[in-house]
Amino acid sequence: MADVLPWQAELWRQLAGRTQHAHAYLLHGPGGIGKRLLAEQLMALLLCQRPVNGMACGTCKACQLLAAHTHPDHYILEPEEVDKAIRVDQVRDLVGFVTQTAQLGGRKVILLEPAEAMNLNAANALLKSLEEPSGDTVLLLISHQPSRLLPTIKSRCVQQACPLPGRQQSLDWLAGQLPELAPELREQLLTLAAGSPLAALKLHEQKVLDLRAQVVDGVKKLLKQQQSPSQLAEGWNALPLILLFDWFCEWVHLILRYQMAGDDAELGAADMQKVLQYLAQKSAQHKVMAMQDWLLEHRQKVLGKANLNRVLLLEALLVQWATLPSAG
């Protein structure tokens, strides 16, 4: 069993110390802070036959079955594909599980992530389970965006905000996970992950620093007219679209913030600070705001898996970016 994350220690003591558990918990907070790990640890504890010091023992039959992913009384509900919705027929299968008797004679535990991925029909189907608990069943819902959940779902759960680690705590944890990485690179990863240490670790596994360097270099060449939008759009063919849109959305936001506040310390990661400062000083604010609207609109289409022409989409983005520092 993995150790409790340092910033979750107090919350874990509260959850593990409960003599009675709620029928449903909603664990919420930003992505990448360890909510899934917390839910998995709580699932293991709730199913364990011989807990030791408020943790699953790891050796009983239930713990061994759970480690082998063959425990008959646990259920994981996730989208069938990344970034897709959780569909109503998936929830109906879950409801079937809820109505069964626990095979090992203890609790049944369900982990659902992310809860906001349920479409409306799926969420309404889940409400039946939340309204009419069956036996000793505990639902663990994980949400990165609880504002997207139906109020009726939230009201039937014990809502538990998960703590965010401080920056130094995150860096200390990352140093333990990535001791071979230079401290400044760990800093950069954490900044790119918006302060979420587990997200930073995932970015490292995806070699995001290399991708970021490629994009930053391309953006600088674009502004110096050393590369055209169409050349860059073709060259970025292998880069994840959502990553590109996340970065450009952040950059436009930082430009606007600098135009309004003029604070050099609020220009994001070091690799783009000078570029963003230049664009903030040379670009008309209404053009920056128009680009922000365009980016947010098309980011939603990317997230929604809309049928987009990738090269034309990137070319349109880059044309706008290249023409930001111009009159009008």
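Guide: What follows starts with the core and then goes through other places along the chain.

The model is predicted. Its largest nonpolar core has 55 residues. Which of these have the most contacts inside the core? They are V219, W236, F248, W251, L295 and W321. Helix 12 gives the largest share of this core, 13 residues. Apart from this core lies another one, of 29 residues, and L15, A39, C48 and I142 are among them.

Leaving aside neighbours within four places in sequence, V219 is in contact with L232, W236, F248, W251, M272, V275 and W321.

Helix 12 covers residues 241–261, and helix 13 covers residues 273–282. A280 is found in helix 13. Is A280 buried or exposed? A280 counts as buried because its relative accessibility is 8%, and the limit for buried is under 20%. A280 touches I255, Y258 and Q259, if residues up to four places away in sequence are not counted. A280 and Q259 are 21 residues apart along the chain, yet their C-alpha atoms are separated by 5.7 Å.

The loop between helix 12 and helix 13 holds E266. E266 counts as partly exposed, at 33% relative accessibility. With residues up to four places away in sequence set aside, E266 touches L254 and R257. E266 and S283 are 17 residues apart in sequence, and from C-alpha to C-alpha they are 18 Å apart in space.

Now the wider setting. The chain is divided into domain 1, residues 6–163, and domain 2, residues 207–324. The centres of the two domains, taken over C-alpha atoms, are separated by 38 Å. An unreviewed UniProt entry lists residues 209–322 under "domain: DNA polymerase III delta subunit C-terminal". In the model, the span 209–322 is 75% helix and 0% strand. The end C-alpha atoms of this span lie 23 Å apart.

The cysteines come next. How many disulfides does a search of the whole structure find? It finds zero. C60 is in no disulfide, and the nearest cysteine sulfur, that of C63, is 3.6 Å away. A disulfide would need the two sulfur atoms within 2.5 Å. C60 is also buried, with a relative accessible area of 1%. For C162, the closest cysteine sulfur is in C157, at 13 Å, so the two are too far apart for a bond. C162 counts as buried as well, at 5% relative accessibility.

H23 is found in the loop between helix 1 (9–16) and strand 1 (24–28). H23 is buried, with a relative accessible area of 17%. The side chain of H23 reaches the backbone oxygen of T137 at 2.9 Å.

Some points on the backbone remain. N53 has a positive phi of about 50 degrees, although N53 is not a glycine. N53 lies in the loop between helix 2 (35–47) and helix 3 (61–67). With a relative accessible area of 76%, N53 is exposed. A194 is not a glycine either, and its phi is positive, about 55 degrees. The place of A194 is in the loop between helix 8 (183–192) and helix 9 (197–205). A194 counts as exposed because its relative accessibility is 70%, and exposed means over 50%.

The last point is a peptide bond. Which residues does the cis peptide bond join? It joins E113 and P114, with omega about -15 degrees. P114 is found in the loop between strand 3 (108–112) and helix 5 (120–131).

Methods. Residues numbered from 1 in each chain as written. Predicted model: local features only at pLDDT ≥ 70, side-chain atom pairs only at ≥ 80, totals over all residues. Heavy atoms only, no water. Helix = DSSP H or I, 4+ residues; strand = E, 2+ residues; numbered from the N terminus. Buried < 20%, exposed > 50% of the residue type's maximum accessible area, 1.4 Å probe, protein only. Contact = heavy atoms within 4.5 Å. Polar contact = N/O pair within 3.5 Å; in protein donor to acceptor, adjacent residues only side chain to side chain. Core = buried A, V, L, I, M, F, W, Y, C linked by side-chain atoms within 4.5 Å. UniProt positions renumbered as here; feature names shortened; annotations may be inferred. Domains from an automatic or database assignment.
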